[in-house]
Amino acid sequence: MKIQKLLCPLLIISMMCGCNAHKALSSNGGVHQEFGDSQHEKYYEDTYMMNITYPNVHIEEVDEAIQKQLDICKQAFQSKLKTYAGKDKAELNIDYQSYLKDHRYISIMLDVFESLDDQHEQIYTIVYDEEKEQIIGIEDVLKDDFSKTVSALVQDTLKQQYPDECETKDFQLHTAPAPANFEDFILRKDALVLYFQEGRVLDHSVSVEIPYEDIDTFTSMKAEDVAVFVPYEDFLNEPVKNIDPDKPMIALTFDDGPSKKYTPAILDALQEHQASATFFVLGSRATEFPDILQRMVLEGNEIGNHTFSHKQLTTLSKENIEEEITHTQETIHDVTNKYPQVIRPPYGSKNDTVMECAQGKKIVTWSLDTLDWKSRNTESVVQKVLADVKDGDIILMHDLYASTAEAAIILIPKLQEMGFQLVTVSELYEYGKHDAGKIT
Ligand code: ZN
């Protein structure tokens, strides 16, 4: 399986029928969250961890359907845990993409990755028609008789992409012209995307994109414009900083973002107090929020690599670890014209293979954990930092929660009053403070 990547993804509107092997990726490289508010749940226990991101769309039927699916996935994972005796922590990673088409159709795609004795990825889709006020199926979107044409398009695309994997009975059976074969779908602005579950058509999950113009006899939907961003090429406006090497300094770090709501609030506070922080962003979100990433760089903050899809790297193959890291490096470079110099593996999990794949970049963990994801409490985050902070600390937070953004707004001026300079992780290294922080 290869992670597919396009340069300057948002500048390209694909008009070709394409397909994708899945790893929480869309064809144009990023997670799309065009609709709903992101919710985050994290669990970190002795034997397992869960990292769950899903949308709240404020439509009862859809939110209920999402919750139902999440409950099923969590319960199935918990029941498999009972017999799991592997040496790595078991992992459940759920992420989502959401799309809005013609201001009418809301599509949600849940991507569920499970790592116990084996690793599996499943895709779940929900499409809601705001005009009819109900969840709909593919037959509500495409006219009768679509399945013959769609079947041919799917077969051709997959045969081109996976010539050695399409000679099976399952392939024939599950891509045959029957509407039931095409029930996992979403409506993107530019294309209908069909999903095929792991083990059904191929031995891995896969998607096929069909531009609306290729099926215009069956639908009146037309491609809408996709948002465009201009890659950042100008370093001239980056601020010059006055850092006193003899005074205490610490690095605030924010993982798992950016988030459309809370990251800008944290950036505002940093800018107001001429402070810097390091944002360990997910590659999957980098193209979704190019303006936020560019703002980070322009205002003197550092962007670190937190992998593409937040999987525990130590359970992945070397090839997959490399893909997670490299794809994120390239994605961030496409947006900011800079390669991250620091990498933080999800959960801080690392081994020799992870170190090898870092390509000379520094692998950074932290020395002060605010546990902000657990408490979701501003006061508790503020107190924890103020009680424990010392020169050279690398402080772990997540720019996913209102409570963390509020804590950052309080902490930034407070820490400066206490005499700490708020610098980036790389600056901490540059001034030789990294011995105090637990960096490897
Ligand atoms: Zn993380």
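Student: What should I know before I start, and how are residues numbered?

Tutor: Residues count from 1 along each chain as its sequence is written, and side-chain values use heavy atoms, leaving out hydrogens and water. Since this is a predicted model, local features need pLDDT of at least 70 and side-chain atom pairs count only at pLDDT 80 or more, while totals for chains, interfaces and linings use all residues.

Student: What is the average pLDDT of the protein?

Tutor: pLDDT is the predictor's confidence in each residue, from 0 to 100. Here the average is 88, and 89% of the residues score at least 70. Go carefully with residues 1–29, where pLDDT stays under 50, and with residues 436–440, where it is below 50 as well.

Student: How many helices and strands are there?

Tutor: Both are DSSP runs numbered from the N terminus: helices are H or I with at least four residues, strands are E with at least two. This protein has twelve helices and 18 strands.

Student: What share of the residues is buried?

Tutor: Buried means under 20% relative accessible area, exposed over 50%, and partly exposed in between, using a 1.4 Å probe and protein chains only. Of the 440 residues, 57% are buried.

Student: Which residues have the most contacts inside the largest nonpolar core?

Tutor: A nonpolar core is a set of buried Ala, Val, Leu, Ile, Met, Phe, Trp, Tyr and Cys residues joined through side-chain atoms within 4.5 Å. The largest one has 35 residues, and Leu252, Phe279 and Leu415 have the most contacts inside it. Helix H11 (402–417) and strand S11 (249–255) are among the elements that each supply at least two of its residues. H11 gives the largest share, six residues. A second, separate core has 29 residues, including Tyr162 and Cys166.

Student: Why does Cys166 count as buried?

Tutor: Because its relative accessibility is 1%.

Student: Which residues are the protein donors of the zinc ion?

Tutor: Donors are N, O and S atoms within 2.8 Å of the metal (3.2 Å for Na, K and Ca); water is not among the atoms, so sites may look incomplete. Here the protein donors are Asp256 (OD), His306 (NE2) and His310 (NE2), lying 2.1 Å from the zinc ion. Asp256 sits in the loop between S11 and H4, and His310 in the loop between strand S13 (302–305) and H7, so this pair ties together parts 54 residues apart in sequence.

Student: Are Asp256 and His310 buried or exposed?

Tutor: Both Asp256 and His310 are buried.

Key: Contact = heavy atoms within 4.5 Å.
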